[in-house]
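Subject: Structure handover

Hi,

Here is the structure I promised. Please load it before reading on; my notes follow below.

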Amino acid sequence: MGDRVIAIDGPAASGKSTVAELVAEKLSIPYINTGNMYRAVTLGALRAGIDLKTKCDEASFSRLFKNLQLDYKRNAAGCYEIELNGEFPGNAIRSPEVASFVSPVAALPIVRSWLSQKQRDFAALGMIVMEGRDIGTVIFPESRFKFFLTATPEARARRRLAQDGENFDGATLESVAAAIAERDRIDSTRKVAPLKPAVDAEIVDTTEMTIDEVVDYISGRIMHYEDSRDDVSGAVR
Ligand code: CDP
């Protein structure tokens, strides 16, 4: 079933979330942002009082998971949104504190296996867009549609600052680029499910592309693929 998942992977702030959401909208199919799941687990740990500076380990998360509830629910606008312990955490999952701990948390095997199972369950929804770091390599290696978005570190830092709506100077740009680079370093070098393109993924360098160009490119590839098959299903449009 996972062959109909559209996997969009790539490093931090490569534009994946915006692109994935718009591709899903264009194709009228659900969209799942798996980074939000790792962020929500990190927020849940902080809210449970775990000191992630010293206790970011398997034992802490094994205890946490006994009482942590994480679901994807449709929000008032009908979009799937993460729900942590019965409520939508909203922007709390994007705080600088969560961002600073999420990569070490996501490197723990217990966290990855707990979330992987939830992510695989979404295949039951049929054709969906799922975005993250390891969707094409580990979660749905059987997917027919795999895209790996990249952009230069500076372009990504600019996008992250623009996304947060901040006015920024050169020093801020440099520090955001450094924080993004550090997250990429941890994500690419971890033992379990490291950030890397699947061998059969299409790599899309978005440095010089607008969001709309990337969205049109990806949705065009999918529609073209569907059109070229004998058993075209109407599900895509
Ligand atoms: O939005 P941004 O690109 O900054 O990151 P995100 O997609 O929200 O993901 C936050 C963090 O979760 C990443 O830096 C990874 O450490 C982790 N993550 C992961 O390990 N595997 C995924 N499938 C998705 C996210």
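Two strands count as paired if DSSP finds at least two bridges between them. Keep that in mind for the strand notes. Also note that this is a predicted model.

Strands

Start with β6, residues 145-150. Of its 6 residues, 5 are buried, so β6 is largely enclosed by the rest of the structure. It pairs with β1 (residues 5-9) in the parallel sense, over 4 bridges. There, Ile 6 stands opposite Phe 145 of β6. β6 also pairs with β7 (residues 202-205), again parallel and over 4 bridges. In that pairing, Phe 147 faces Glu 202 of β7 as its opposite residue.

Ligand

Where does the shell come from?

- Arg 190: a polar side-chain atom lies 2.8 Å from a ligand oxygen.
- Asp 134: a polar side-chain atom lies 2.9 Å from a ligand nitrogen.
- Arg 133: a backbone N or O atom lies 3.1 Å from a ligand nitrogen.

Finally, burial of the ligand. Taken alone, the ligand exposes 530 Å², and the protein buries 99% of that.

Best wishes

Terms used: Residues numbered from 1 in each chain as written. Predicted model: local features only at pLDDT ≥ 70, side-chain atom pairs only at ≥ 80, totals over all residues. Heavy atoms only, no water. Polar contact = N/O pair within 3.5 Å; in protein donor to acceptor, adjacent residues only side chain to side chain. Areas by Shrake-Rupley, 256 points an atom, 1.4 Å probe, with all protein chains shown as cover. Buried < 20%, exposed > 50% of the residue type's maximum accessible area, 1.4 Å probe, protein only. Helix = DSSP H or I, 4+ residues; strand = E, 2+ residues; numbered from the N terminus.
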